[in-house]
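The exercises below ask you to read a protein model step by step. Try each task on the sequence and the structure before you read its solution.

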Amino acid sequence: MNEEVYIGFESYLNNEMPPEEKEQFETQLKTDSEFSKSFALYKETTQFLSHKFAADTLDFKQNLQSISKDYFKENEQVQAKVIVFKPWYYAVAASVAVLLGTWFFMQNATPSYGDFNLHENAYFMERGEADANLKAAQDFFNAKEYNKAVTAFEKVQVTDNPEIQYFYAIALIETNKYQKAEALLNSIQQGSSAYKDKALWYLALSKLKQDKGKECKSFLKQIPNDAEDYEKAQQLLKKLD
C-alpha cells in the first residue's frame with residue numbers, strides 16, 4: 001500500500017499542506033478522475049469512522065497527522081510531484097480503514113489521556129497581537145513543544161484573556177502542572193467566554209491524566225448537551241463506567 005497517498009490525503013483534509021503542495025494536489029483532483037474518486041472515497045470513509053468510532057480513532061488519526069506534518073516539513077523545499085494512484089488502491093484503502101476502525105472499536109482498554117489529547121491550534125497572532133512572547137507561545141504550542149510553550153506563556157503580559165488562559169492551561173496539563181492548569185480552567189469555567197464549556201472538558205482530561213476517574217466523570221457530567229465536546233464527553237463517560 002502506498003503510504004504517501006494516505007499522508008497526502010490526510011494532510012490536505014487537515015489543512016496542513018504547504019501552498020505549493022496544495023495547489024498541485026487540487027490540480028490533480030480536477031484533472032485525474034481516478035485520483036479524485038480515490039480521495040472522495042477516503043474522505044467518506046474517514047468521516048464514517050469518525051462518526052462511528054469517534055474517540056477510538058483519535059489516536060490513529062493523531063499519529064497519521066504527525067507523520068503527515070513530518071513528511072511535508074521535510075519535503076517542503078522539494079518540487080511537488082503528482083501522486084500516481086492506481087484504481088485498485090482505493091478499494092484496498094477503504095478495506096484497511098474499515099478494518100482499522102473496527103479494531104480500535106473492539107478494544108476495551110481503559111481510556112487514557114493520550115486517546116483524547118488532540119488539541120486545536122492556537123491562532124492569537126491573526127488578531128493583530130504584537131507580543132513576541134505570545135507569538136512564541138502560539139508557535140511552540142502548535143508544534144507540540146509544550147515545555148517551551150509554558151515558558152513563553154509565563155512571559156505574556158496579558159494574563160486575563162480566556163483564550164490565552166485556555167491554551168496555557170492545556171500546555172500546563174501536557175507538562176503535568178495540574179494544579180495551575182486547573183486553577184486557570186476553573187476561572188474560565190466560571191466566566192461567560194466561548195471557552196467556558198471547553199474548560200470543563202479539559203478539567204475532565206486533567207483528572208483523566210492523573211487517573212482520577214471519579215473526578216473526571218464529575219466534570220464530564222457537567223458538560224451541557226449543546227457543547228462542542230459533549231459527544232466526546234459521553235463516549236468517555238461510557239468507557240469509564
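**Exercise 1. State in which helix Phe-153 is placed, decide whether Phe-153 is buried or exposed, and list what Phe-153 touches.**

Step 1. Phe-153 is placed in helix H7, which covers residues 146-153; helices (H or I, at least four residues) and strands (E, at least two) are DSSP runs, numbered from the N terminus. Residues are numbered from 1 along each chain as its sequence is written, and this is a predicted model, in which local features need pLDDT of at least 70 and side-chain atom pairs count only at pLDDT 80 or more, while totals for chains, interfaces and linings use all residues. Side-chain values use heavy atoms, with hydrogens and water left out.

Step 2. Phe-153 has a relative accessibility of 4%, so it counts as buried (buried means under 20% relative accessible area, exposed over 50%, and partly exposed in between, with a 1.4 Å probe and protein chains only).

Step 3. Leaving aside residues up to four places away in sequence, Phe-153 touches Phe-124, Ala-137, Ile-164, Phe-167, Tyr-168 and Ala-171, where contact means heavy atoms within 4.5 Å. The C-alpha atoms of Phe-153 and Gln-165, which are 12 residues apart along the chain, are separated by 8.8 Å.

**Exercise 2. How many helices and strands does the protein chain have, and what share of its residues is buried?**

Step 1. The chain has 12 helices and 0 strands.

Step 2. Of the 241 residues in the chain, 42% are buried.

Step 3. Among contacts between residues at least 6 apart in sequence, 61% join residues at least 24 apart.

**Exercise 3. Which residues touch the most other members of the largest nonpolar core, and which helix gives the most to this core?**

Step 1. A nonpolar core is a set of buried Ala, Val, Leu, Ile, Met, Phe, Trp, Tyr and Cys residues joined through side-chain atoms within 4.5 Å.

Step 2. In the largest core, which has 44 residues, those that touch the most other members are Phe-153, Phe-167, Trp-201 and Leu-220.

Step 3. At least two residues of this core come from each of helix H6 (132-142), H7, helix H8 (162-174), helix H9 (178-189), H10, H11 and H12, and H8 gives the most, with 9 residues.

Step 4. A second, separate core of 9 residues includes Phe-9, Tyr-12, Phe-25 and Tyr-42.

**Exercise 4. Describe the salt bridges of Glu-228 with Lys-198 and of Lys-232 with Asp-229.**

Step 1. A salt bridge is a side-chain nitrogen of Lys or Arg within 4 Å of a carboxyl oxygen of Asp or Glu, and by this rule the count comes to 9 salt bridges.

Step 2. Glu-228 and Lys-198 meet at 3.2 Å, N to O. This pair links distant parts of the chain, for Glu-228 is in the loop between H11 and H12, while Lys-198 is in helix H10 (residues 196-209), 30 residues apart. Glu-228 is exposed, with a relative accessible area of 65%, whereas Lys-198 counts as buried at 11% relative accessibility.

Step 3. Asp-229 lies in the loop between helix H11 (213-220) and helix H12 (230-240). The closest N and O atoms of Lys-232 and Asp-229 are 3.0 Å apart; Lys-232 is partly exposed, with a relative accessible area of 26%, and Asp-229 is buried at 4%.

Step 4. Salt bridges that share partners join Glu-120, Lys-198, Glu-228, Asp-229 and Lys-232 into one network.

**Exercise 5. Describe the aromatic pair of Phe-9 and Phe-39, and then that of Tyr-166 and Tyr-202.**

Step 1. Rings of Phe, Tyr and Trp (its six-membered ring) pair if their centres lie within 6.5 Å, and planes under 30 degrees apart count as stacked, over 60 as edge-to-face and the rest as tilted. A search of the whole structure finds 14 aromatic pairs.

Step 2. Phe-9 and Phe-39 are edge-to-face, with 5.2 Å centre to centre and 70° between the planes. Phe-9 lies in helix H1 (residues 3-13) and Phe-39 in helix H3 (residues 33-53), so the pair ties together parts that are 30 residues apart in sequence.

Step 3. Tyr-166 and Tyr-202 also form an edge-to-face pair, with 5.6 Å centre to centre and 80° between the planes. Because Tyr-166 lies in helix H8 and Tyr-202 in helix H10, this pair ties together parts that are 36 residues apart in sequence.
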